[in-house]
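Here is a short tour of the structure shown below.

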Amino acid sequence: MRSMTLYVHREKGSPLHRMDPLTKLLYVFTSVIISYVLADHLSVLLVLAVSISLLIAGKVARFILPIISVSFVLLASILIVQGFFHPDRATVLWEIGPITLYKEGFSIAFLILLRVLNMVCAFGVLILTTKPDELVETLIQKGLSPRFGYVLLSVLQIVPQMMTLTGKIMDSQRARGLETEGSLWVRIKSFIPLLGPVILRSLAETRERSIALEVRGFNATGKRTRLHRIQPYKYGFALKALLAVVLLSVIVWRIWS
Amino acid sequence: MVRNRVWSFRFSTAALVLIPAAVGINYIGKLFVELLKLPLWIDSIGTVLSSMLAGPLVGALVGIVNNVIYGFTTSPVSFVYAITSAVIGLVTGIMAYKGWISNIGKALVLGFVVGLIAATVSTPLNIAFWEGTTANVWGDALFAWMVAKGNPLWLASFADSVVVDVPDKMVTVLISFLIFRSLPKKVLTMYDTEQEIERL
C-alpha cells in the first residue's frame with residue numbers, strides 16, 4: 001500500500017507563495033471564465049500562457065505535469081471524439097487509411113483542450129503555491145464558520161489515516177483467507193468484506209472525535225482568538241481590482257463585438 | 001416529535017465530524033475499485049452513506065467538500081462536478097428519509113433515480129465545459145456513435161452520462177445500503193436528530 005499525503009503544495013518562497021490565497025482564488029476564477037468567454041484559439045492560448053508563466057514564476061511548473069496527467073483520459077477523449085465525429089465535419093484534415101480526421105472537429109477539440117489545460121494550470125497556480133491551512137484560515141477571517149473550517153482541514157488529515165487503516169485491514173482479511181485477486185466475480189465478492197470494516201471503524205472513530213471536540217469547546221460561542229495572525233497582503237486590493245477589471249472588460253468586449 | 005428535522009441547518013458536532021469521515025470513505029471506495037480493478041467508479045459511497053445516516057444537507061455538503069478537496073489535491077477538473085455530487089447527496093437523503101431504503105428492492109430504485117438525476121445534472125456541465133464527453137471509454141464510444149448518426153448533441157451527451165451513471169449509482173447505493181443495514185445501533189443513533197432525550 002502506498003503511503004500518501006494529500007498535500008500537493010510546494011514550499012518554494014516565490015512572490016507567488018507570499019501572495020494572499022484569496023487573490024490567487026480570484027485569479028483562478030477570472031482565468032477559467034475568460035478562457036470560456038473567449039472563443040478563438042489565439043486568445044485562449046494567451047490565457048494559458050499567462051497561467052503557465054505564473055507557474056514558472058512560482059517555481060512549481062514541473063509539479064503541474066502529474067496533475068495534468070490525471071486529466072489525460074478526458075483530454076484524449078475530447079480530441080478523439082470531437083476530432084473524428086463532430087457533427088459539422090466537412091473539410092478533411094488528414095486521411096490515414098479508413099480513419100479521417102476533420103478540420104472543424106479538430107479545431108473545436110483543440111480549443112476545448114486549451115481551455116481544460118488552462119483550467120488545470122490556473123488551479124495549479126493556487127494549489128501548488130498555497131498551504132491549505134492558510135487558505136482556510138483566510139476564509140475563516142473572511143467569515144467562514146470556524147467549525148466548517150475544521151471540517152475542510154480535517155479531511156486532509158483523516159484521508160491518509162484511513163488509507164493506512166485500509167492497508168492494515170486488507171492485510172488482515174488476506175491473512176484470514178479472503179481472496180482479493182482472480183476473476184472479476186472473486187474481486188467483486190471481496191469488496192464488501194474489505195470496505196465494511198474500514199467504514200465501521202471510521203464511523204466509530206467519529207464518535208470519539210466528536211466527544212473530544214466538544215470537550216475542547218468546539219461549539220463554544222463568542223469571539224475566537226487566533227494562534228496565527230496572517231499578515232495582510234500589501235498588493236491584495238490592487239491585484240483583486242485589476243483582475244475584476246480585466247474580467248469585466250473581457251465580458252463586455254465579448255458581448256459588444 | 002419534531003417534524004422536518006431533515007432540513008436542520010444547525011449541524012450537530014457528530015454530523016460535522018461525519019463529513020470528513022464520509023469524504024474519506026469516498027476515497028477508500030475509489031482506492032479499492034482501483035486495487036481490485038473493478039470496471040466502475042464507485043466514488044460516492046461516503047456521500048450516499050452519510051445522506052442515509054444524517055440527512056440530505058449533510059450528504060450534499062459531503063458531496064461538495066469531496067469534490068473541492070479532490071480538486072485541490074488530485075484533479076482540478078473535479079470542481080466542475082461539485083454540483084452533481086451535492087445533488088447525489090440531496091436526492092439520496094430526501095428519498096432515504098421518505099423510506100426508500102427500507103428494503104433491497106427500494107434501494108435499487110433509489111440508486112436508479114439517483115443515477116438518472118446525476119446524469120441529468122452532469123449533461124449541461126459536460127456540454128458547457130467539454131462539448132459533451134465524459135472521459136469514460138464506454139460512454140464516449142456511445143456518444144461518438146450517436147453524434148455520427150446525427151442525433152442532437154444534448155441527447156448523445158445525456159446517453160453518454162446515463163450508461164455510466166445509472167449502473168454506477170445503483171451499485172454504489174446497493175453497497176451503501178448493505179453497509180448501512182449492518183451498522184450497529186450505537187452508530188445510527190449518533191445522527192438521529194428526531195430522537196427525544198428523556199429528562200428526569
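## Helix α6 of chain B and its neighbours

In this predicted model, the buried residues of α6(B) pack against α5 (72-85) of chain A together with α7 (153-181) of chain B. The buried residues are B:Gly139, B:Asp140, B:Phe143, B:Ala144, B:Met146 and B:Val147. They cover an arc of only 165° around the axis, which puts them on the same side of α6(B).

Helix α6 of chain B covers residues 137-148, and its 12 residues should span 16 Å at 1.5 Å a residue; the end C-alpha atoms are 16 Å apart, which agrees. After α6(B) comes B:Gly150, with a positive phi near 95°.

## Chain B as a whole

What makes up chain B, in helices and strands? The chain has 8 helices and 0 strands, and from the N terminus on its elements run α-α-α-α-α-α-α-α. The radius of gyration of chain B is 18 Å, close to the 16 Å that the globule rule gives for 200 residues, so the chain is as compact as a globular protein of that length.

Of the 200 residues in chain B, 54% are buried. Taking contacts in chain B between residues at least 6 apart in sequence, 67% join residues at least 24 apart. Helix α3 of chain B (residues 56-73) is mostly covered, with 14 of its 18 residues buried. From first C-alpha to last, α3(B) reaches 26 Å, close to the 26 Å expected at 1.5 Å a residue.

## A closer look at B:Thr123

B:Thr123 sits in helix α5 of chain B, residues 104-130. Why does B:Thr123 count as buried? It has 24 other C-beta atoms within 10 Å, and the cut-off for a buried residue is 20 or more.

Leaving aside residues up to four places away in sequence, B:Thr123 touches B:Trp154, B:Ser157, B:Phe158 and B:Ser161. In sequence, B:Thr123 and B:Trp154 are 31 residues apart, while their C-alpha atoms are 7.2 Å apart in space.

## Where the chains meet

The contact takes 54 residues from chain A and 42 residues from chain B. On the side of chain A that touches chain B, the elements giving two or more residues are α4 (64-70), α5, α6 (103-129), α8 (146-175), α9 (184-189) and α10 (191-215) of chain A. With 16 residues, α10(A) gives the most to that side. By class, this side of chain A has 37 nonpolar, 12 polar and 5 charged residues.

## Domains of chain A

The domain assignment of chain A gives domain 1 (15-137 + 230-256) and domain 2 (145-215). Taken over C-alpha atoms, the centres of domain 1 and domain 2 of chain A are separated by 35 Å.

## Two loop residues with positive phi

B:Glu131 lies in the loop between α5 and α6 of chain B. Its phi is positive, about 50°, although B:Glu131 is not a glycine. B:Glu131 is buried, with 20 other C-beta atoms within 10 Å.

In chain A, look at A:Lys59, in the loop between α3 (41-57) and α4. A:Lys59 has a phi near 60°, a positive value in a residue other than glycine. With 16 other C-beta atoms within 10 Å, A:Lys59 is partly exposed.

Technical notes:
Residues numbered from 1 in each chain as written. Chains lettered and ligands numbered in written order. Predicted model: local features only at pLDDT ≥ 70, side-chain atom pairs only at ≥ 80, totals over all residues. Helix = DSSP H or I, 4+ residues; strand = E, 2+ residues; numbered from the N terminus. Expected span 1.5 Å × (residues − 1). Buried ≥ 20, exposed ≤ 12 C-beta atoms within 10 Å, placed from the backbone. Arc of directions from axis to C-beta. Contact = placed C-beta atoms within 7 Å. Domains from an automatic or database assignment. Rg over C-alpha atoms; globule rule 2.2 N^0.38 Å. Nonpolar A, V, L, I, M, F, W, Y, C, P; charged D, E, K, R; others polar.
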